[in-house]
Amino acid sequence: MQTIYAMHQNHSDNIEKEERFLFSSIDNMQDLYLVTISLLLEIRKKEEEFLDLSSKKYLATREEKNPNLKLVNNKVLQLLEESNSLSIALADRKINDWHIHEEYVKIFTAEIKQSDLYKKYMNNRTNDFQEDKEFIISLFTEILAPNIKLYEYLEDHKLTWIDDIPLINTYIVKQLRAIKSEEDLFFVPKLFSDIEDREFVSQLFRKTTLNEEALAKEFAEKTPNWEIERIAEIDTIILKMAICELLKFPSIPVKVTINEYLEIAKEYSTPKSSIFINGVLDNLVKEFNTNGKLKKTGRGLM
């Protein structure tokens, strides 16, 4: 949707160029994921280094000589640290943001240590897997993910990440919750589950852009109180993409298509857009069913 919108704004008709940008933006999500999850590793590393240096001070206190290593020994953080999949991905994609910008790690660590969450967790020195897991999930969701400094860093680093941040954060929490024991293996997810997923991206983009005029005609008569020029451009793009899916992707259920584009409308368009789009698509589906244009394959796809 955003790529098609950008094409309109730039008056571009270079599909190959815009498709390359689309896939580049998707590929960059992998870097965003790695930058975000590697922050947990860097916080652990910096704390370990801090405690080690403190213990070696000439006038180190008893507490500094015998520090509480509960955060350093957190079983979930150690699991991430020992993940070959994560280590290889970070090396391959040259992700070392927090090593270069360690001042951010110091800010985040300070905020963590000032939190009641951290103080409660550090009340004892015993590492229990379930407690360690819940602490890391809470640390991420309550302190790191909503942190304005982290958001500003990611925004400045790559503009295309802005819309992807909530998705990546949600996925990381899902991954953390899925860890069942300290014996689990942690894997970096793939951007596409298979070649068909990647092909779908290309086909949806191309079939929408190459058939925009025909797709627009499908809903033009369903908006008698609105001239096409008066409909928000984002709404017209959403409608074109949704109609494209309905007519040209027989394996995608009608309800899935409608629900997906209503969610997109709620996120990116005007407050009333989802109601408007829902009404138009509902009427179109009834018409397509009547005239036989809606051809879906597989059980339960209507």
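A pocket here is an open set of grid points with protein on both sides within 12 Å along at least five of seven lines. By that definition, the second largest pocket of this predicted model has a volume of about 270 Å³.

Start with that pocket. Its lining counts 13 residues, and Glu47, Leu51, Glu63, Pro67 and Asn68 lie nearest its centre. Helix 2 and helix 3 (62-65) each supply at least two lining residues. Helix 2 gives the most, with four. By type, the lining of the second largest pocket splits into five nonpolar, three polar and five charged residues. A word on confidence belongs here. Helix 3 has the lowest mean pLDDT among the elements of the chain, 80, while helix 9 (residues 129-144) has the highest, 98. Over the chain, the mean pLDDT is 91, and 96% of residues reach 70 or more.

Now turn to the largest pocket. Its volume is about 2100 Å³. Of its 45 lining residues, Leu22, Ile26, Met29, Asp164 and Leu167 are the closest to its centre. Several helices supply at least two lining residues each, including helix 1 (2-10), helix 2 (15-55) and helix 11 (165-178). Helix 12 (195-210), helix 14 (233-248) and helix 15 (254-268) do likewise. The lining of the largest pocket comprises 29 nonpolar, seven polar and nine charged residues.

Next, the packing. In soluble globular proteins, nonpolar side chains tend to be buried together. The largest nonpolar core in this model holds 47 residues, and Leu86, Trp98 and Leu144 touch the most other members. Elements giving two or more residues to this core include helix 2, helix 4 (75-81), helix 5 (84-92) and helix 7 (102-114). Helix 8 (116-121), helix 9, helix 10 (148-157) and helix 11 are also among them. Helix 2 gives the most to this core, with 10 residues.

What does Trp98 touch, not counting residues up to four places away in sequence? Its partners are Val35, Ser38, Leu39, Glu42, Tyr104, Val105, Phe108, Leu150 and Tyr153.

One last stop is Thr236, in helix 14. Is Thr236 buried or exposed? Its relative accessible area is 7%, so Thr236 counts as buried, the cut-off being under 20%. Leaving aside neighbours within four places in sequence, Thr236 is in contact with Phe219 and Ile231.

How values were computed: Residues numbered from 1 in each chain as written. Heavy atoms only, no water. 1 Å grid on protein atoms, 1.4 Å probe; cavity = no way out; pocket = protein on both sides within 12 Å on 5 of 7 lines; lining within 4 Å. Points joined across faces, edges and corners; volume = space filled by probe spheres on them. Nonpolar A, V, L, I, M, F, W, Y, C, P; charged D, E, K, R; others polar. Buried < 20%, exposed > 50% of the residue type's maximum accessible area, 1.4 Å probe, protein only. Contact = heavy atoms within 4.5 Å. pLDDT = per-residue confidence, 0-100. Core = buried A, V, L, I, M, F, W, Y, C linked by side-chain atoms within 4.5 Å.
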